[in-house]
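Please consider the structure shown below. A short report accompanies it.

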Amino acid sequence: MHDTDIDDAEIRTLFRDLMQAWTDNDAEAYAGHFTADSDYVSYDGTRAIGRAEHQRNHDKLFRGVLAGSALVGDLESVRFVTPDVAILHGTASVLMPWRSRLPERRRSRQTLVLVRTSEGWRITAIHNGRVRPVTVPEPDSFPAGMSRLMSRAARRLGVGRRHPAR
């Protein structure tokens with residue numbers, strides 16, 4: 001039996017330590033928060049697999065385009081899926097050394113899947129996406145009406161997807 005209050009505190013510490021490792025530009029410490037077989041999807045959609053690749057990538061970043069940067073943000077929520085698996089949502093973004101505050105357009109949201117290991121909680125998957133909210137149009141809105149009109153025109157012209165998605 002696991003104490004969720006202790007686990008929650010450990011996970012919150014892991015998130016803070018992850019940001020600190022980035023801020024220290026320490027690729028080894030940063031990668032150490034991940035499982036050996038972890039998945040990392042960056043804000044641009046690229047995917048890296050494995051702790052070793054995360055360390056190599058971040059070492060290049062910390063010695064190159066992100067040298068001197070800090071990772072700043074907040075943990076939004078922790079949800080335990082099982083006693084040994086948790087989902088963490090947070091916002092964090094890279095603060096470049098020449099900036100005193102983060103531009104809103106750089107804000108990202110992370111979804112982390114954490115697993116309990118013999119070494120403690122580790123990240124087994126992370127997905128990082130820019131926060132660029134769009135409003136979902138109502139079904140009777142102009143954009144929705146235009147989409148329906150274009151779909152009808154495409155069907156009449158015999159272009160586009162011809163069969164319903166399966």
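The report covers the basis of the model, its secondary structure and its aromatic contacts.

## Basis

This is a predicted model, in which local features need pLDDT of at least 70, side-chain atom pairs count only at pLDDT 80 or more, and totals for chains, interfaces and linings use all residues. Residues are numbered from 1 along each chain as its sequence is written, and side-chain values use heavy atoms, with hydrogens and water left out.

## Secondary structure

Helices (DSSP H or I, at least four residues) and strands (E, at least two) are numbered from the N terminus. G158 follows helix 4 and has a positive phi, near 75°.

Strand 3 (residues 70-82) and strand 4 (residues 85-95) pair in the antiparallel sense over 11 bridges, where pairing requires at least two DSSP bridges. The two strands form a hairpin with 2 residues between them, and L75 has G90 in strand 4 as its bridge partner.

## Aromatic contacts

The structure holds 6 aromatic pairs, defined for rings of Phe, Tyr and Trp (its six-membered ring) by centres within 6.5 Å; planes under 30 degrees apart count as stacked, over 60 as edge-to-face and the rest as tilted. The W22 and F62 ring centres are 5.1 Å apart with planes at 75°, so this pair is edge-to-face. W22 lies in helix 1 (residues 4-23) and F62 in helix 3 (residues 51-63), so the pair ties together parts 40 residues apart in sequence. Ring pairs link W22, Y30, F34, Y40 and F62 into a cluster.
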